[in-house]
Amino acid sequence: MAKREGALEMLGMNLATTWSERRVLVTGHTGFKGGWLSLWLQALGAKVAGYALPPPTRPSLFDVAKVGEGMLSVEGDVLDLPVLSALVREFQPEVIFHLAAQPLVRHSYAEPVETFATNVMGTVHVLEAARQAGCVRALVNVTTDKCYENRESLTGYVESDRLGGHDPYSSSKACSELVASCYRQSFGHTRPAMAIATARAGNVFGGGDWAQDRLLPDLLAALSQRRAAVLRYPNAIRPWQHVLDPLHGYLMVAEGLLTDPSRFARAWNFGPEPKSMVTSGQVADDLCALWGAGASWVAQTATSAPHETGILMLDSSQAQRELGWRPRLTLRDGLACTVDWYKAWQADASMREWSLGQVNHYMRPARSFSSGVPA
């Protein structure tokens, strides 16, 4: 047992060994998390292809960090199975990270059909394209912490808890989990075998996110314009984490699927330490202090806004025990890293260099994101 635990502690410790020259497809690479993952894989020496719609915002991480420069970037919709299947057959990836999605809760109320189509049938199409190609050894389907049936509990959800979803986005992601489970059970033992895992992360933030109706982008947009930020739900508790922490978990899960598929082909939570599960108001306080220049926020007056979860927490003990994964950034350090990124962008810095610098610095044993470009 001690020998096996020692081997598990090495998962993710030498990522370049696993990913150098490996063929990897990222769906949703023009989005926020997909863009950061694509940059990270490029830094590790992987041969990366991406499949996605155009960037969902202007500006975007994909554009300002020139994510497409280090990879094959293909524009397409996951609902277009023939085009997606042709790319998988041509590129022959060993690993797929599926991040293409409609990711916004409030938008899902306005466009429920689009949300279910993209998040459910999009997952079916990615899994089917991979199954038919026969080259994919590992597939990580990225969902969300919101896929659980929410009990508004202070106890973190574990992977075996019941799936659900009050809003169309959350429900569609629970359905995506069921689709992945179905493919794992129906086709996971066929030859050639494809190991399938799902990854559930909390409220991620970081440089390059300009999505509407997300706390950090909304706050930073207001602060950069020297106006008070407006918070809809300042008392809502969320599992806040810098984007590089869950992405590190996704890479470790994929590594596990490649080395021991029967053991790692399941669902995984990647949430922050309990002290990072704080209210939106506390996050806004910390962000304003880091931004400086008199930054402030106010609570939104009562409205008839759609329902959003009040309390949402994750239990990541399985990932800590089985993968040796831990969050590397405190909430304060993650926020400082994010503020530095946006201020560098405002100063017309090279954001590809800056972003790759943060990725490379994250992978080093000693880290400090207090200010400036990571060395």
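**Close-up 1. The salt bridge between R58 and D63.** In this predicted model, R58 pairs with D63 in a salt bridge, and the closest N and O atoms of the two residues are 3.4 Å apart. Side chains of opposite charge can pair when their charged atoms come close. R58 has a relative accessible area of 60%, so this residue counts as exposed, while D63, with a relative accessible area of 35%, is partly exposed.

**Close-up 2. The salt bridge between E94 and R137.** Here the side chains of E94 and R137 meet in a salt bridge, with a distance of 3.1 Å from N to O. The pair links distant parts of the chain, for E94 lies in the loop between α5 (81-91) and β4 (95-98), whereas R137 lies in the loop between α7 and β5 (138-142), and the two residues are 43 residues apart. E94 is partly exposed, its relative accessibility being 23%, and R137 is also classed as partly exposed, with a relative accessible area of 36%.

**Close-up 3. The salt bridge between R332 and D286.** The side chains of R332 and D286 form a salt bridge in which N and O are 3.7 Å apart. R332 is partly exposed at a relative accessible area of 41%, and D286 is partly exposed at 25% relative accessibility.

**Close-up 4. A network of salt bridges.** Four residues, R263, R266, R321 and E322, are linked with one another in a network of salt bridges. For the model, the count of salt bridges comes to 14.

**Close-up 5. The contact of helices α7 and α8.** The axes of helix α7 (residues 112-133) and helix α8 (residues 168-187) come within 9 Å of each other and cross at roughly 20 degrees. Angles under 35 degrees count as roughly parallel, and α7 and α8 are therefore roughly parallel to each other. Their crossing is right-handed. Among the residues of α7 that take part in the contact are F116, V120, V124, L127 and R131, and the residues they meet in α8 include Y169, K173, V179, Y183 and F187. Taken together, the residues of the contact of α7 with α8 divide into 12 nonpolar, 6 polar and 3 charged.

Notes
Residues numbered from 1 in each chain as written. Predicted model: local features only at pLDDT ≥ 70, side-chain atom pairs only at ≥ 80, totals over all residues. Heavy atoms only, no water. Axes fitted to C-alpha atoms, helices over the stretch in contact; angles between N-to-C directions. Helix = DSSP H or I, 4+ residues; strand = E, 2+ residues; numbered from the N terminus. Parallel < 35°, antiparallel > 145°, perpendicular 65-115°, else oblique. Left-handed = near helix turned anticlockwise from the far one by under 90°. Contact = heavy atoms within 4.5 Å. Nonpolar A, V, L, I, M, F, W, Y, C, P; charged D, E, K, R; others polar. Buried < 20%, exposed > 50% of the residue type's maximum accessible area, 1.4 Å probe, protein only.
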